[in-house]
Amino acid sequence: TDELKKANFQEILPDTYEGGVGLFIASLTDSFVTRIDYFSDLCMTLLDRWVRRVIIKSSSDCIQDAYNLANDSLDILSKAQTSFSKFAEPITRTNSSSFNELLPEIINDLSSAKRTNKFIGVPSGLEKVDRFTNGFQKGSLIILAGRPSMGKTTAAVTFGINAVKNFNKSVLFFSIESSKEEIAFKIVSNLSGHSVDEVKKWNFSESQIRSIYEKTSPLCHNN
């Protein structure tokens, strides 16, 4: 592989080879099928150099913007965050595991769930949903679709509350349309049993207000 890294492929490419440099390099892999670890190392090196190049480019742009006093500092920061997150998000580091290692763990989880008559994931709190998902699983993306005002956000709030209250899980809620106050109203409504409109009007007696605080306070002590 050191030779391949140093080689000038235009020099070693046979004059009669059809397909150009790309296909010639691809053909070389036939000779290295038993040394795939070297190819993996080369790919990681290429990825590392690309990441460094993007970091340098984004940092240089950020520095130039910072020197221009006409630019708002918060706008510069926001632009920098967007720039880095755009290329950093697809790059993830995961720990590899052999099937030999995973099998006992999976069987143990399934057996435990069977004995306790529970799901292997985190239940949503809605039985019909859990029949389809078997509980929310690590690494899963679940999309709940529907027309406007059909209760999608309310359902998501219910899922989150159930995970926090009953399973001591941390939940992070993102919303493009609803404000954080609107989400809070829905949480209070869910926990207290009052409608969102009733919560917004807040025409409750002192005993009702105490009851609302008692029902919502446990959630405040969870992350």
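Author: What follows is a set of questions and answers about the terms used for this chain.

Author: This is a predicted model, in which local features need pLDDT of at least 70 and side-chain atom pairs count only at pLDDT 80 or more, while totals for chains, interfaces and linings use all residues. Residues are numbered from 1 along each chain as its sequence is written, and side-chain values use heavy atoms, with hydrogens and water left out.

Reader: What makes up the secondary structure of the chain, in helices and strands?

Author: The chain comes to 11 helices and 0 strands, where helices (H or I, at least four residues) and strands (E, at least two) are DSSP runs, numbered from the N terminus. Read along the sequence, the pattern is α-α-α-α-α-α-α-α-α-α-α.

Reader: What comes just after α8, and what follows α9?

Author: Just after α8, N168 takes a positive phi of about 55°, and α9 is followed by G193, whose phi is also positive, near 90°.

Reader: Why is L172 called exposed, and why is I120 called partly exposed?

Author: Buried means under 20% relative accessible area, exposed over 50%, and partly exposed in between (1.4 Å probe, protein chains only). L172, in the loop between α8 and α9, has 66% relative accessibility and therefore counts as exposed. I120, in the loop between α6 (99-116) and α7 (127-133), has a relative accessible area of 39%, so I120 is partly exposed. Of the 223 residues of the chain, 17% count as buried.

Reader: Which residues of α9 are buried, and what do they pack against?

Author: The buried residues of α9 are I183, K186, V188, S189, L191 and S192. They pack against α8 (152-167), α10 (196-201) and α11 (206-220). Here contact means heavy atoms within 4.5 Å. Leaving aside neighbours within four places in sequence, L191 is in contact with I161, K165, K215, T216 and L219.

Reader: What makes a set of residues a nonpolar core, and which residues form the largest one?

Author: A nonpolar core is a set of buried Ala, Val, Leu, Ile, Met, Phe, Trp, Tyr and Cys residues joined through side-chain atoms within 4.5 Å. The largest in this model has 6 residues, namely V157, I161, V164, I183, L191 and L219. Both α8 and α9 supply at least two residues each, and the largest share, 3 residues, comes from α8. The buried residues of α8 include V157, I161 and V164, and what covers the buried residues of α8 includes α7, α9 and α11.

Reader: Why is the pairing of R52 with D48 called a salt bridge?

Author: A salt bridge is a side-chain nitrogen of Lys or Arg within 4 Å of a carboxyl oxygen of Asp or Glu. The closest N and O atoms of R52 and D48 are 2.7 Å apart, and the pair forms a salt bridge. Being 4 residues apart in helix α4 (residues 36-67), R52 and D48 are separated by about one helical turn. The side chains of D61 and K57 likewise meet in a salt bridge, at 2.7 Å from N to O, and these two are also 4 residues apart in α4. The structure holds 6 salt bridges.

Reader: What makes the pair of E182 and K200 a link between parts of the chain?

Author: E182 forms a salt bridge with K200, the closest N and O atoms being 3.2 Å apart. Because E182 lies in helix α9 and K200 in helix α10, the pair ties together parts that are 18 residues apart in sequence. At 22% relative accessibility E182 counts as partly exposed, and K200, at 42%, counts as partly exposed too.
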